[in-house]
Amino acid sequence: MREKVTQVLQPKKGLAQAAFHIPWPIVAAVVMLIGATRLAGQELIQFQDGNNAIYAGVLSVINAERTARGLGAVSANKVLQTAAQWMAEDMAARHTLDHTDSRHRGLASRLQDFGYENPRLIAENIAEGQDTPTAVVNSWMHSPPHRANLLHPEARHAGVGLAFSAQGQHYWVLDLGTTFTDS
């Protein structure tokens with residue numbers, strides 16, 4: 001497993017994270033999360049790549065961590081899901097762990113291009129090598145900056161991506177967000 005953190009953050013092996021917060025009304029923060037289902041008991045968002053159970057598993061583990069600490073659960077967001085999946089595939093194709101994609105976009109630009117509108121908070125955790133939803137969330141939970149992203153009290157939406165390199169290496173992306181219209 002391998003990890004990388006942008007800027008001055010010191011990640012644990014197999015992880016990378018980035019976070020930015022710009023206060024109201026200036027738009028965004030980059031924090032990081034995940035998603036694939038709605039809140040427990042609600043319908044599963046269907047994706048064409050066949051990874052629905054994996055996405056749901058990651059979201060379930062994240063929401064268990066959040067609710068155990070008195071935080072609200074995050075719900076799946078199709079735009080964040082699509083952006084996270086695209087980024088996972090991009091990293092796997094390039095065999096790299098980086099928040100900047102092959103088109104030289106950071107998280108804010110990428111999410112804007114995918115149509116995530118009016119963000120107040122955005123965040124992204126990335127990882128390489130973990131085999132299961134539980135393993136990747138546990139890795140993030142054992143890294144203080146990634147943990148802070150997962151447990152950010154303002155996070156409302158999540159999207160998770162998983163892709164495999166030609167050698168079968170797992171690449172994970174968790175995108176979190178909150179919009180100005182969220183309560």
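Me: From the N terminus on, the elements of the protein chain run β-α-β-α-α-β-α-α-β-β. What makes a run of residues a helix or a strand here?

Reply: Both are DSSP runs, numbered from the N terminus: helices (H or I) need at least four residues, strands (E) at least two. By that rule the protein chain has five helices and five strands. This is a predicted model, where local features need pLDDT of at least 70, side-chain atom pairs count only at pLDDT 80 or more, and totals for chains, interfaces and linings use all residues. Residues are numbered from 1 along each chain as its sequence is written, and side-chain values use heavy atoms, with hydrogens and water left out.

Me: How do you know that the span of helix α1 agrees with its number of residues?

Reply: The expected span is 1.5 Å times one less than the number of residues. Helix α1 (residues 52-68) has 17 residues, so it should span 24 Å. Its end C-alpha atoms are 24 Å apart, and the two values agree. After α1 comes glycine 70, with a positive phi near 80 degrees.

Me: What do the buried residues of α1 pack against?

Reply: They pack against β2 (75-76), α2, α4 (133-141), α5, β4 and β5 (170-179). Contact means heavy atoms within 4.5 Å. Among the buried residues of α1 are Tyr55, Leu59 and Ile62. Asn52, Glu65 and Arg66 are also among them.

Me: Why is histidine 152 called buried?

Reply: Its relative accessible area is 16%. Buried means under 20%, exposed over 50%, and partly exposed in between (1.4 Å probe, protein chains only).

Me: Why is the pair of tryptophan 86 and phenylalanine 114 called tilted?

Reply: A search of the whole structure finds one aromatic pair. Its centres are 6.1 Å apart, with 55 degrees between the planes. Rings of Phe, Tyr and Trp (its six-membered ring) pair if their centres lie within 6.5 Å; planes under 30 degrees apart count as stacked, over 60 as edge-to-face and the rest as tilted. At 55 degrees the pair is in the rest, so it is tilted.

Me: Which parts does this pair tie together?

Reply: Tryptophan 86 is in helix α2 (residues 78-94) and phenylalanine 114 in helix α3 (residues 107-114), so the pair joins parts 28 residues apart in sequence. Tryptophan 86 is partly exposed at 21%, and phenylalanine 114 is partly exposed at 26%.

Me: How do you know that a charge sits over the ring of tryptophan 86?

Reply: The charged end of arginine 105 is 4.9 Å from the ring centre. The rule asks for NZ of Lys or CZ of Arg within 6 Å of the ring centre and within 35 degrees of the ring normal.

Me: Why is histidine 104 called exposed?

Reply: Its relative accessible area is 70%, so it is exposed. Histidine 104 is in the loop between α2 and α3. Histidine 95 is found in the loop between α2 and α3 too, but it is partly exposed at 38%.
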